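Hi there,

Here is the structure I promised to pass on to you.

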Amino acid sequence: MLYRHFETQEAIDLAYDPSKTADGAAAMARYKAMSAATMADLKVHADLRYGQSLAETLDLFPAQMPGAPLHVFFHGGYWRSLSNKEFTFAARGLVEAGVSVAVVNYALCPSVTMGELVRQCQVSLLWLADHAADYGYDPERLTVSGHSAGGHIVGMLLSTDWQGLYGRSPDLIKGATAISGLFDLAPFPYSWLQPKLQLTGRDVMTLSPVRIGPTVACPVNLVVGALESDEFHRQSTAYQAHLLSADAQRSVVVESVSGCDHFTVIDGLNDGSGQIFDAIMRHIA
């Protein structure tokens, strides 16, 4: 077996390539149109640099009122494609509800390792916490979400040794929503993604949230489209079990969004509707 009951790359690819069962090209066109409208309609501090490399930028959409909570969104693309620019639509509904939103960009594999990609996302949160006064949001009300690869990033942020690595409290994150997240990297060295990801055995062990201990105790929502593959659903339920094994009292909710596939599951963020939007707002409240 390559991974669990999977005997071939073709079987793993079918389970983990959403474009095999949903229209990814149509979704990208829709994302780009919604994001272009968001950039045109909302006030934005575009391409703020949080790190030293060219990829380490973010787009910050401030809420109208000063002192608003801050939500940070990490985009998908299986760690090897896309950017924050295709996903700025995720800010619209939240900004209109009075929440400032940062949509984070990061360097992609194989130009960087998975470990470096995660480090950049960690640093983006530190930068945002340190620059709250410059942009008028409340760093004590910071929540995070991410889609697909971004869901994996959320899991890694919940497992970061914030005190040991950065001298920061793990209470930095007040709530987390991982959408269609990938918390066990073990299938991907045997998949269509490996030429880009170049994952090692050590990467699988140290960069899989389901294989390392959580450090952040905030409430967590794990959301998957009902039409996604069994493996996407299993990844979230396995991560829920992992988090609860560390702390049976913490809030970890798994939700399935009826009628949605891997791509349509996040559409509600554009107009401020649906289970994902509601989950984020509950964490903020």
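This is a predicted model: local features need pLDDT of at least 70, side-chain atom pairs count only at pLDDT 80 or more; totals for chains, interfaces and linings use all residues.

Residues are numbered from 1 along each chain as its sequence is written, and side-chain values use heavy atoms, leaving out hydrogens and water.

The mean pLDDT (the predictor's confidence in each residue, from 0 to 100) is 97 for the protein, with 100% of residues at 70 or more.

Now the inside. A nonpolar core is a set of buried (under 20% relative accessible area, 1.4 Å probe, protein chains only) Ala, Val, Leu, Ile, Met, Phe, Trp, Tyr and Cys residues joined through side-chain atoms within 4.5 Å. The largest one here has 66 residues, and Val72, Trp79, Leu125, Ile173 and Phe188 touch the most other members. Helix α4 (residues 114–130; helices are DSSP runs of H or I, at least four residues) gives the most to this core, with 10 residues. Apart from it lies another core of 29 residues, including Tyr31 and Phe277.

Helix α4 also packs against helix α6 (residues 149–158) at an angle of about 70°, with the axes (lines fitted to C-alpha atoms over the stretch in contact, angles running from 0 to 180 degrees between N-to-C directions) 10 Å apart. So α4 is roughly perpendicular (65 to 115 degrees) to α6.

Enjoy exploring!

Conventions:
Buried means under 20% relative accessible area, exposed over 50%, partly exposed in between (1.4 Å probe, protein chains only). Helices (H or I, at least four residues) and strands (E, at least two) are DSSP runs, numbered from the N terminus. Angles under 35 degrees count as roughly parallel, over 145 as roughly antiparallel, 65 to 115 as roughly perpendicular and the rest as oblique.
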